[in-house]
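Open the model in your viewer and keep the selection tool at hand. Each stop below says what to select and what is there.

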Amino acid sequence: MEKRSAELFERGKRHIPGGVNSPVRAYGAVGRTPRFIRSAKGARITDEDGNEMIDYVCSWGPGILGSAHPRVIRAVQKACGDGLTFGAPTEKEVELAEMISELVPSMEVSRLVNSGTEAVMSAIRAARGYTGRDKIIKFRGCYHGHADGLLVKAGSAALTTSVPDSAGVPDSVAENTLIADFNDEVSVAELFLANSGKIAAVIVEPVPANMGVVLPKWPFLTFLRDITNRNGTLLIFDEVITGFRLGLGGAQEYYKIRPDLTTLGKIVGGGMPLGAYGGRREIMNMVSPAGPVYQAGTLSGNPIAVTAGLETLRILKEDPEIYTRLEYRAKMLAEAAVEAGGDSISVNRLGSLMSIFFRSGGVNDYEQAAGSDTKAYADYFGYMLDHGIYLAPSQFEAMFVSDAHTEEDILKTCEVMQSYLQTI
Ligand SMILES: *Cc1c(COP(=O)(O)O)cnc(C)c1O
């Protein structure tokens, strides 16, 4: 039953572009009616028709503790009583900056913003300000939010030209973004050769999770650290998804690589709109009012968002066993998928991040991810949805496991998943 969702979608389309406030929510890639959500608690999400589902979207990553964790809700309710916004510094912002630099030591100094997009946009500005250079390198299939300079794809002469990947992005902006291939060292080296002394930063999702989950092949990230060091270029890890998910110290702790700048979002806000960027002190001290790189925000460091983020990080820090549980449960899901799907699928997983690609032979880069059978994914998605399992409505989004998923939830999910995958 999706009667009320269908009605709301039609009503929404009259005054909201495509009926939704972020495109993937419209279920365009899976040909279904988007579920309008009434509430979510723990690992359960309930739509407006009263369907209760096991949630593996987790709001696209923030929900590492599941929805509405009682401690986070209590902290937020208390903070609301003290006022929603002051536009002035607060003690909790200082505490959050201290907590971030304790858990992610490369982030010696950090600035709070309102989203992952803003964090990335601002980190790039800081990198350009610090290096005095304009060009950046990004990787095909990595997503870094919707700032102009990041909605860019390779042109036909990939080495020299980049073109907008969205209407409304000027060519003149796209020109400064060079496109390389993830896990392909040669593609990066060639861009450095052709643009010697001009590259301010390389930005990368250390574990890409926006083309589905793709794992870095050793020593790709080490190679990026070395080539950026040799060229006076900054290395930016976009850890908006991986931060506090692959462990308290994110992907940089897992792979033992210290980037110059890091961007955070999703988990750092504990379910509220919050992002952060930070890194080496001398770079971050370029940011206004300490330095000449302007960046500001009326609601930046908003006390409610900071409270939700801080309480979430405290819970994660107090109970590191959370990551052991996440690993164990996600592993059960991945193994069940492989067992039932065999060679028809490729499963990538790291910690509680995973993807089932509908193609055989493994997925290690954008080309292979893009070669997946998206119709097959849509069919799988629909079956899971109809059996109470709420997955991302796109082959190219990750499946997120939270600490609220019980072993029973996982077993039920494995059962439904296997009953589908056995038939393909
Ligand atoms: C989600 C995401 C962003 C953008 O964050 P928003 O809060 O949606 O603006 C940036 N980078 C990565 C890696 C993301 O997954």
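This is a predicted model: local features need pLDDT of at least 70, side-chain atom pairs count only at pLDDT 80 or more; totals for chains, interfaces and linings use all residues.

**Stop 1: two backbone angles**

Most residues other than glycine have a negative phi. With A68 still selected, check its phi: the value is positive, about 55°, although A68 is not a glycine. A68 is partly exposed, with a relative accessible area of 29%.

Next, select Y27. Is Y27 buried or exposed? Y27 has a relative accessible area of 4%, which means that it is buried, since the cut-off for that word is under 20%. Its phi is near 65°, again a positive value in a residue other than glycine. Y27 sits in the loop between helix 1 (3–15) and strand 1 (37–41).

**Stop 2: two cis peptide bonds**

Most peptide bonds are trans. Select W218 and P219 together: the peptide bond that joins them is cis, with omega about 0°. To place P219 in the chain, find the loop between strand 9 (199–204) and helix 7 (220–231).

Now move to S288 and P289. A cis peptide bond joins this pair too, and here omega is about 5°. Where is P289? Look in the loop between helix 9 (281–284) and helix 10 (303–318).

**Stop 3: the ligand**

Select the ligand and display the residues around it. The surrounding residues are S115, G116, T117, Y143, H144, G145, E205, N210, D238, V240, I241 and K266. Colour this shell by residue type, and it divides into 3 nonpolar, 6 polar and 3 charged residues.

Then draw some distances. Start at T117, where a polar side-chain atom lies 2.6 Å from an oxygen atom of the ligand. Go on to K266: a polar atom of its side chain is 2.6 Å from a ligand oxygen atom. For Y143, show the backbone, where a polar atom is 3.3 Å from a nitrogen atom of the ligand.

How much of the ligand does the protein bury? Taken alone, the ligand exposes 380 Å², and the protein buries 83% of that. Hide and show the protein surface around the ligand to end the tour.

Key. Residues are numbered from 1 along each chain as its sequence is written. Side-chain values use heavy atoms; hydrogens and water are left out. Helices (H or I, at least four residues) and strands (E, at least two) are DSSP runs, numbered from the N terminus. Buried means under 20% relative accessible area, exposed over 50%, partly exposed in between (1.4 Å probe, protein chains only). A residue is near a molecule or strand if one of its heavy atoms lies within 4 Å of it. A polar contact is a pair of N or O atoms within 3.5 Å; within protein, one must be able to donate a hydrogen and the other to accept it, and residues adjacent in sequence count only if both atoms are side-chain atoms. Accessible areas come from the Shrake-Rupley method with a 1.4 Å probe; for residues, only the protein chains shown count as cover. Ala, Val, Leu, Ile, Met, Phe, Trp, Tyr, Cys and Pro count as nonpolar, Asp, Glu, Lys and Arg as charged, and the others, Gly among them, as polar.
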